[in-house]
Amino acid sequence: MRIAIDARLNAYREGGIAEYTRRIVTELSRLDSPEMYLILEHAKTQTSLIPVGVKGMKAIRVFTPPHHRFERTAFALEVTRTRPRILHSPDFIPPRFGARHYVITVHDLNFLHFPQFQTPDSLAYYKGNIQQAVNQADCILADSEATRRDLHHMLNTPLEKIKVHLLGVPENFRPLPQEQVDAFRVRYHLPREYILFVGTFEPRKNLPGLLNAYQQLHQIMPDAPPLVIAGRRGWLFESIFEQVTSLGLRDQVRWLEDVPAADLPSLYNAASVLTLPSFYEGFGFPVLEAMACGIPTVASDRGSLPEVAGDTGILINPDHPDQIAEALHLALTDSTFRARSSAAGLVRAGQFTWARTAQVVSEVYRS
(Lines give C-alpha, C1' and ligand atoms only; values in the text may rest on other atoms or scores of the structure.)
Protein backbone atom coordinates (compact mmCIF):
# COMPACT_ATOMS: atom_id res chain seq x y z
CA MET A 1 0.00 0.00 0.00
CA ARG A 2 1.50 3.31 -1.12
CA ILE A 3 1.06 5.97 1.57
CA ALA A 4 2.19 9.53 0.88
CA ILE A 5 3.00 11.93 3.73
CA ASP A 6 3.11 15.66 3.02
CA ALA A 7 6.38 16.88 4.57
CA ARG A 8 6.79 20.13 2.61
CA LEU A 9 6.54 22.35 5.68
CA ASN A 10 9.78 20.93 7.09
CA ALA A 11 11.78 22.80 4.46
CA TYR A 12 10.51 26.10 5.85
CA ARG A 13 10.41 25.81 9.63
CA GLU A 14 11.21 23.75 12.71
CA GLY A 15 9.02 22.85 15.65
CA GLY A 16 5.24 22.62 15.79
CA ILE A 17 3.70 20.79 12.85
CA ALA A 18 7.11 20.30 11.24
CA GLU A 19 8.36 18.51 14.36
CA TYR A 20 5.18 16.40 14.45
CA THR A 21 5.80 15.31 10.84
CA ARG A 22 9.43 14.49 11.55
CA ARG A 23 8.55 12.39 14.59
CA ILE A 24 5.80 10.49 12.76
CA VAL A 25 8.09 9.66 9.83
CA THR A 26 10.85 8.52 12.21
CA GLU A 27 8.57 6.27 14.27
CA LEU A 28 6.80 4.81 11.23
CA SER A 29 10.21 3.84 9.86
CA ARG A 30 10.72 1.68 12.97
CA LEU A 31 7.48 -0.26 12.61
CA ASP A 32 7.53 -3.65 10.93
CA SER A 33 5.19 -2.66 8.12
CA PRO A 34 4.66 -3.84 4.52
CA GLU A 35 3.60 -0.36 3.37
CA MET A 36 5.62 1.82 1.00
CA TYR A 37 5.84 5.34 2.39
CA LEU A 38 6.35 8.22 -0.02
CA ILE A 39 7.68 11.24 1.88
CA LEU A 40 6.77 14.32 -0.16
CA GLU A 41 9.55 16.81 0.58
CA HIS A 42 9.92 20.25 -0.91
CA ALA A 43 12.78 20.81 -3.34
CA LYS A 44 14.31 23.28 -0.84
CA THR A 45 14.74 20.51 1.74
CA GLN A 46 18.36 20.27 2.87
CA THR A 47 18.12 16.99 4.80
CA SER A 48 15.56 14.27 4.19
CA LEU A 49 13.33 13.18 7.07
CA ILE A 50 13.92 9.53 6.20
CA PRO A 51 16.45 7.95 8.59
CA VAL A 52 19.58 6.61 6.91
CA GLY A 53 19.34 2.99 5.81
CA VAL A 54 15.57 2.71 6.14
CA LYS A 55 13.84 0.55 3.55
CA GLY A 56 10.22 1.01 2.63
CA MET A 57 10.44 4.80 2.52
CA LYS A 58 11.16 6.93 -0.52
CA ALA A 59 11.68 10.69 -0.67
CA ILE A 60 9.78 12.41 -3.47
CA ARG A 61 10.79 15.99 -4.31
CA VAL A 62 7.90 18.38 -5.01
CA PHE A 63 7.88 22.05 -5.89
CA THR A 64 4.56 23.47 -4.60
CA PRO A 65 5.30 25.52 -1.45
CA PRO A 66 3.03 25.10 1.59
CA HIS A 67 0.33 27.73 2.21
CA HIS A 68 0.51 28.90 -1.40
CA ARG A 69 -2.57 30.58 -2.86
CA PHE A 70 -3.03 27.85 -5.49
CA GLU A 71 -1.57 25.08 -3.35
CA ARG A 72 -4.50 22.69 -3.30
CA THR A 73 -4.57 22.38 -7.10
CA ALA A 74 -0.85 22.69 -7.87
CA PHE A 75 0.14 20.18 -5.19
CA ALA A 76 -2.65 17.83 -6.34
CA LEU A 77 -1.06 17.60 -9.78
CA GLU A 78 2.25 16.61 -8.19
CA VAL A 79 0.59 14.07 -5.89
CA THR A 80 -1.23 12.45 -8.81
CA ARG A 81 2.08 11.40 -10.37
CA THR A 82 3.03 9.41 -7.24
CA ARG A 83 -0.22 7.36 -7.32
CA PRO A 84 -0.69 6.98 -3.54
CA ARG A 85 -3.58 5.00 -2.09
CA ILE A 86 -3.56 7.27 0.98
CA LEU A 87 -2.31 10.83 1.41
CA HIS A 88 -1.67 12.11 4.94
CA SER A 89 -1.66 15.89 5.41
CA PRO A 90 -0.11 16.72 8.83
CA ASP A 91 -0.70 20.43 8.17
CA PHE A 92 -4.53 20.24 8.00
CA ILE A 93 -5.14 20.99 4.34
CA PRO A 94 -5.06 18.20 1.68
CA PRO A 95 -4.80 18.72 -2.09
CA ARG A 96 -8.06 18.70 -4.03
CA PHE A 97 -7.29 15.35 -5.66
CA GLY A 98 -4.46 12.89 -6.27
CA ALA A 99 -5.13 9.98 -3.90
CA ARG A 100 -7.90 7.48 -3.18
CA HIS A 101 -8.15 8.30 0.51
CA TYR A 102 -7.19 11.26 2.68
CA VAL A 103 -6.03 11.48 6.29
CA ILE A 104 -5.50 14.89 7.86
CA THR A 105 -4.17 15.91 11.25
CA VAL A 106 -5.98 18.78 12.94
CA HIS A 107 -3.83 20.06 15.78
CA ASP A 108 -6.22 22.76 16.96
CA LEU A 109 -8.92 25.18 15.85
CA ASN A 110 -7.33 28.21 17.43
CA PHE A 111 -8.01 30.24 14.27
CA LEU A 112 -11.76 29.72 14.80
CA HIS A 113 -11.72 30.30 18.54
CA PHE A 114 -9.57 33.43 18.44
CA PRO A 115 -9.37 34.88 14.92
CA GLN A 116 -8.07 38.14 16.43
CA PHE A 117 -4.89 36.32 17.49
CA GLN A 118 -3.98 35.25 13.93
CA THR A 119 -2.03 36.95 11.20
CA PRO A 120 -4.31 37.88 8.28
CA ASP A 121 -2.54 35.43 5.95
CA SER A 122 -2.73 32.53 8.42
CA LEU A 123 -6.39 33.22 9.16
CA ALA A 124 -7.30 33.37 5.47
CA TYR A 125 -5.46 30.11 4.73
CA TYR A 126 -6.81 27.93 7.52
CA LYS A 127 -10.27 29.40 7.95
CA GLY A 128 -10.80 29.44 4.20
CA ASN A 129 -9.92 25.77 3.77
CA ILE A 130 -10.74 23.92 7.00
CA GLN A 131 -14.38 23.03 6.27
CA GLN A 132 -13.54 21.55 2.86
CA ALA A 133 -10.59 19.72 4.40
CA VAL A 134 -12.59 17.96 7.11
CA ASN A 135 -15.33 17.10 4.63
CA GLN A 136 -12.83 15.61 2.17
CA ALA A 137 -10.89 13.60 4.76
CA ASP A 138 -11.74 9.93 5.25
CA CYS A 139 -10.26 10.14 8.75
CA ILE A 140 -9.09 13.00 10.94
CA LEU A 141 -6.34 12.63 13.52
CA ALA A 142 -6.72 15.02 16.46
CA ASP A 143 -4.06 15.79 19.07
CA SER A 144 -6.54 15.83 21.95
CA GLU A 145 -10.12 15.18 23.01
CA ALA A 146 -10.53 18.97 23.19
CA THR A 147 -9.77 19.28 19.48
CA ARG A 148 -12.05 16.33 18.73
CA ARG A 149 -14.90 18.11 20.51
CA ASP A 150 -14.13 21.34 18.67
CA LEU A 151 -14.25 19.58 15.30
CA HIS A 152 -17.62 18.10 16.17
CA HIS A 153 -19.23 21.23 17.59
CA MET A 154 -17.68 23.91 15.37
CA LEU A 155 -17.50 22.10 12.02
CA ASN A 156 -20.21 19.44 12.42
CA THR A 157 -17.70 16.64 11.92
CA PRO A 158 -19.01 13.17 12.90
CA LEU A 159 -17.23 11.94 16.02
CA GLU A 160 -16.66 8.51 14.48
CA LYS A 161 -14.55 10.17 11.78
CA ILE A 162 -12.08 11.58 14.33
CA LYS A 163 -9.33 9.56 16.03
CA VAL A 164 -7.42 11.04 18.97
CA HIS A 165 -3.69 10.37 19.16
CA LEU A 166 -1.94 12.07 22.06
CA LEU A 167 1.53 13.24 21.11
CA GLY A 168 4.86 12.24 22.61
CA VAL A 169 7.73 13.78 24.51
CA PRO A 170 11.32 13.14 23.32
CA GLU A 171 13.50 10.94 25.53
CA ASN A 172 16.02 13.73 26.19
CA PHE A 173 13.44 15.57 28.32
CA ARG A 174 14.18 13.95 31.67
CA PRO A 175 15.74 14.85 35.05
CA LEU A 176 19.38 15.72 34.45
CA PRO A 177 22.45 15.46 36.72
CA GLN A 178 22.85 18.52 38.93
CA GLU A 179 26.31 19.31 37.58
CA GLN A 180 24.93 19.48 34.04
CA VAL A 181 22.15 21.82 35.15
CA ASP A 182 24.61 24.03 37.06
CA ALA A 183 26.86 24.27 34.01
CA PHE A 184 23.87 25.34 31.93
CA ARG A 185 23.00 28.08 34.44
CA VAL A 186 26.53 29.44 34.28
CA ARG A 187 26.58 29.41 30.48
CA TYR A 188 23.28 31.32 30.23
CA HIS A 189 23.91 33.52 33.31
CA LEU A 190 20.74 32.28 35.00
CA PRO A 191 20.02 32.42 38.75
CA ARG A 192 19.49 29.44 41.04
CA GLU A 193 15.71 29.88 40.86
CA TYR A 194 13.44 31.25 38.14
CA ILE A 195 9.90 31.02 36.80
CA LEU A 196 9.88 29.73 33.24
CA PHE A 197 7.61 30.38 30.26
CA VAL A 198 8.31 28.62 26.95
CA GLY A 199 6.45 29.49 23.76
CA THR A 200 5.99 31.93 20.90
CA PHE A 201 5.70 35.59 21.84
CA GLU A 202 2.18 36.20 20.54
CA PRO A 203 -1.25 37.23 21.94
CA ARG A 204 -2.64 33.68 22.21
CA LYS A 205 -0.02 32.80 24.81
CA ASN A 206 -1.41 35.45 27.20
CA LEU A 207 1.95 36.98 28.05
CA PRO A 208 0.28 40.28 29.05
CA GLY A 209 -1.75 38.36 31.63
CA LEU A 210 1.37 36.58 32.85
CA LEU A 211 3.25 39.87 33.24
CA ASN A 212 0.37 41.37 35.22
CA ALA A 213 0.33 38.24 37.38
CA TYR A 214 4.08 38.46 37.91
CA GLN A 215 3.75 42.07 39.09
CA GLN A 216 1.06 40.94 41.57
CA LEU A 217 3.33 38.08 42.70
CA HIS A 218 5.98 40.65 43.64
CA GLN A 219 3.46 42.41 45.84
CA ILE A 220 2.89 39.27 47.95
CA MET A 221 6.42 37.87 47.47
CA PRO A 222 8.95 40.72 47.12
CA ASP A 223 11.83 38.26 46.70
CA ALA A 224 10.12 36.31 43.93
CA PRO A 225 12.61 34.78 41.48
CA PRO A 226 12.99 36.27 38.00
CA LEU A 227 10.65 35.41 35.14
CA VAL A 228 12.46 33.83 32.18
CA ILE A 229 10.51 34.02 28.91
CA ALA A 230 11.99 31.67 26.31
CA GLY A 231 10.86 31.25 22.72
CA ARG A 232 10.70 33.21 19.51
CA ARG A 233 8.92 36.32 18.29
CA GLY A 234 5.55 35.74 16.72
CA TRP A 235 2.82 38.18 15.76
CA LEU A 236 2.07 41.44 17.63
CA PHE A 237 4.91 40.90 20.08
CA GLU A 238 6.00 44.54 20.32
CA SER A 239 3.40 45.49 22.93
CA ILE A 240 4.63 42.68 25.19
CA PHE A 241 8.12 44.18 25.39
CA GLU A 242 6.59 47.61 26.02
CA GLN A 243 4.48 46.22 28.86
CA VAL A 244 7.56 44.94 30.69
CA THR A 245 8.91 48.49 30.75
CA SER A 246 5.60 50.09 31.73
CA LEU A 247 5.21 47.68 34.66
CA GLY A 248 8.74 48.40 35.86
CA LEU A 249 9.83 44.78 35.41
CA ARG A 250 12.86 45.19 33.15
CA ASP A 251 15.24 44.00 35.89
CA GLN A 252 13.05 41.00 36.80
CA VAL A 253 12.20 39.64 33.33
CA ARG A 254 14.78 37.83 31.20
CA TRP A 255 14.19 37.10 27.50
CA LEU A 256 15.80 34.05 25.91
CA GLU A 257 15.15 33.95 22.18
CA ASP A 258 15.74 30.97 19.90
CA VAL A 259 17.24 28.66 22.51
CA PRO A 260 18.77 25.65 20.70
CA ALA A 261 16.66 22.50 20.99
CA ALA A 262 19.57 20.68 22.62
CA ASP A 263 19.51 23.17 25.54
CA LEU A 264 15.78 22.97 26.27
CA PRO A 265 15.95 20.01 28.70
CA SER A 266 18.51 21.91 30.77
CA LEU A 267 16.38 25.06 30.63
CA TYR A 268 13.46 23.14 32.16
CA ASN A 269 15.59 21.30 34.72
CA ALA A 270 17.03 24.56 36.01
CA ALA A 271 13.61 26.18 36.51
CA SER A 272 11.61 26.31 39.73
CA VAL A 273 8.23 26.15 37.97
CA LEU A 274 6.88 26.21 34.40
CA THR A 275 3.88 28.37 33.63
CA LEU A 276 1.75 28.34 30.47
CA PRO A 277 -1.33 30.56 30.97
CA SER A 278 -2.41 30.41 27.29
CA PHE A 279 -5.92 31.21 26.17
CA TYR A 280 -5.82 28.12 23.97
CA GLU A 281 -3.44 25.25 23.21
CA GLY A 282 -4.00 22.39 20.78
CA PHE A 283 -1.66 20.27 22.88
CA GLY A 284 0.77 22.23 25.05
CA PHE A 285 4.24 20.72 24.68
CA PRO A 286 5.96 22.96 27.28
CA VAL A 287 3.77 21.52 30.06
CA LEU A 288 4.55 17.95 29.00
CA GLU A 289 8.27 18.70 28.61
CA ALA A 290 8.41 20.28 32.07
CA MET A 291 6.59 17.30 33.59
CA ALA A 292 9.07 14.92 31.95
CA CYS A 293 11.89 16.89 33.60
CA GLY A 294 10.21 16.73 37.02
CA ILE A 295 9.31 20.43 37.15
CA PRO A 296 6.00 21.62 38.74
CA THR A 297 3.57 23.35 36.38
CA VAL A 298 1.01 26.15 36.47
CA ALA A 299 -1.11 26.01 33.33
CA SER A 300 -4.35 27.27 31.86
CA ASP A 301 -7.55 25.28 32.32
CA ARG A 302 -8.38 25.81 28.63
CA GLY A 303 -8.14 23.64 25.52
CA SER A 304 -6.08 20.49 25.78
CA LEU A 305 -3.90 21.55 28.72
CA PRO A 306 -6.02 19.74 31.36
CA GLU A 307 -5.63 16.53 29.31
CA VAL A 308 -1.86 16.89 29.31
CA ALA A 309 -1.33 18.01 32.90
CA GLY A 310 -4.05 15.95 34.55
CA ASP A 311 -3.89 16.55 38.29
CA THR A 312 -0.10 16.90 38.40
CA GLY A 313 0.05 20.70 38.56
CA ILE A 314 -2.17 23.73 39.14
CA LEU A 315 -4.77 24.72 36.55
CA ILE A 316 -5.76 28.40 36.46
CA ASN A 317 -8.23 30.65 34.65
CA PRO A 318 -6.07 32.64 32.20
CA ASP A 319 -8.47 35.59 32.37
CA HIS A 320 -7.56 36.18 36.04
CA PRO A 321 -3.95 37.29 36.69
CA ASP A 322 -4.58 37.08 40.43
CA GLN A 323 -5.16 33.32 40.08
CA ILE A 324 -1.91 32.97 38.17
CA ALA A 325 -0.05 34.93 40.85
CA GLU A 326 -1.51 32.85 43.69
CA ALA A 327 -0.70 29.61 41.89
CA LEU A 328 2.89 30.68 41.24
CA HIS A 329 3.28 31.69 44.89
CA LEU A 330 2.08 28.27 46.04
CA ALA A 331 4.29 26.46 43.52
CA LEU A 332 7.33 28.39 44.71
CA THR A 333 6.75 28.13 48.46
CA ASP A 334 4.87 24.87 49.18
CA SER A 335 7.45 22.08 49.36
CA THR A 336 4.75 19.41 49.71
CA PHE A 337 3.09 20.51 46.50
CA ARG A 338 6.41 20.71 44.68
CA ALA A 339 7.39 17.17 45.63
CA ARG A 340 3.97 15.77 44.70
CA SER A 341 3.79 17.66 41.41
CA SER A 342 7.28 16.59 40.41
CA ALA A 343 6.67 12.90 41.12
CA ALA A 344 3.21 12.82 39.54
CA GLY A 345 4.41 14.71 36.48
CA LEU A 346 7.21 12.24 35.83
CA VAL A 347 4.79 9.30 35.98
CA ARG A 348 2.22 10.95 33.74
CA ALA A 349 4.76 12.15 31.18
CA GLY A 350 5.91 8.56 30.76
CA GLN A 351 2.56 7.77 29.13
CA PHE A 352 3.20 10.17 26.23
CA THR A 353 5.48 8.55 23.63
CA TRP A 354 5.90 9.16 19.91
CA ALA A 355 5.94 5.39 19.37
CA ARG A 356 2.34 5.19 20.64
CA THR A 357 1.39 8.18 18.49
CA ALA A 358 2.80 6.55 15.36
CA GLN A 359 1.10 3.25 16.18
CA VAL A 360 -2.29 5.02 16.12
CA VAL A 361 -1.38 6.69 12.82
CA SER A 362 -0.44 3.31 11.32
CA GLU A 363 -3.72 1.76 12.50
CA VAL A 364 -5.64 4.62 10.89
CA TYR A 365 -3.85 4.04 7.58
CA ARG A 366 -4.77 0.36 7.64
CA SER A 367 -8.38 1.01 8.58
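1. Three bridges connect strand E12 (residues 297-300) with E13, and the two strands run parallel. Within this pairing, Ala299 has Leu315 in E13 as its bridge partner. The model is a predicted one, and the points below should be read with that in mind.

2. E12 and E13 belong to an open sheet of six strands, ordered E10-E9-E8-E11-E12-E13, with parallel pairing. E10 and strand E13 (314-316) are at the edges, and each has a single partner strand, so one side of each is left without a neighbour in the sheet. Direction ignored, neighbouring strands of this sheet are turned by 20 degrees against each other on average.

3. Is strand E5 (residues 101-106) enclosed or open? Five of its six residues are buried, so E5 is largely enclosed by the rest of the structure. Strand E4 (residues 86-89) is joined to E5 by four bridges and runs parallel to it; His88 stands opposite Val103 in E5. Four bridges also join E5 to strand E6 (residues 139-142), again in parallel, and Thr105 stands opposite Leu141 in E6.

4. Thr105 deserves a separate look. This residue is in strand E5 and has a relative accessible area of 0%, so it counts as buried, the cut-off being under 20%. Which residues does Thr105 contact, leaving aside its neighbours within four places in sequence? They are Tyr20, His88, Ser89, Pro90, Phe92, Leu141, Asp143 and His165. As for Leu38, Thr105 is 67 residues from it in sequence and 17 Å from it in space, C-alpha to C-alpha.

5. Phe92, one of the contacts of Thr105, has a positive phi of about 75 degrees although it is not a glycine. Phe92 is placed in the loop between E4 and E5. Its relative accessibility is 4%, and therefore Phe92 counts as buried.

6. Asp258 is another residue other than glycine with a positive phi, near 55 degrees. Asp258 lies in the loop between strand E10 (253-257) and helix H9 (264-269). Is Asp258 buried or exposed? With 57% relative accessibility, Asp258 counts as exposed, since the cut-off for that class is over 50%.

7. The next two points concern helix pairs. Two packed helices are described by the angle between their axes and the distance between the axes. Helix H12 (residues 321-333) packs with H13 at an angle of about 90 degrees, and their axes are 6 Å apart. H12 and H13 are therefore roughly perpendicular to each other, because angles of 65 to 115 degrees are put in that class. In the contact, Leu330, Ala331, Leu332 and Thr333 of H12 meet Ser335, Phe337 and Arg338 of H13. By class, this contact has four nonpolar, two polar and one charged residues.

8. H13 also meets H10. The axes of helix H10 (residues 285-292) and helix H13 (residues 335-349) come within 7 Å and cross at roughly 110 degrees. That angle makes H10 roughly perpendicular to H13, and the crossing of the two helices is left-handed. On the H10 side the residues are Leu288, Met291 and Ala292, which meet Gly345, Leu346, Arg348 and Ala349 in H13. By class, the contact of H10 with H13 has five nonpolar, one polar and one charged residues.

Key: Residues numbered from 1 in each chain as written. Predicted model: local features only at pLDDT ≥ 70, side-chain atom pairs only at ≥ 80, totals over all residues. Heavy atoms only, no water. Axes fitted to C-alpha atoms, helices over the stretch in contact; angles between N-to-C directions. Parallel < 35°, antiparallel > 145°, perpendicular 65-115°, else oblique. Left-handed = near helix turned anticlockwise from the far one by under 90°. Contact = heavy atoms within 4.5 Å. Nonpolar A, V, L, I, M, F, W, Y, C, P; charged D, E, K, R; others polar. Buried < 20%, exposed > 50% of the residue type's maximum accessible area, 1.4 Å probe, protein only. Pairing = 2+ DSSP bridges.
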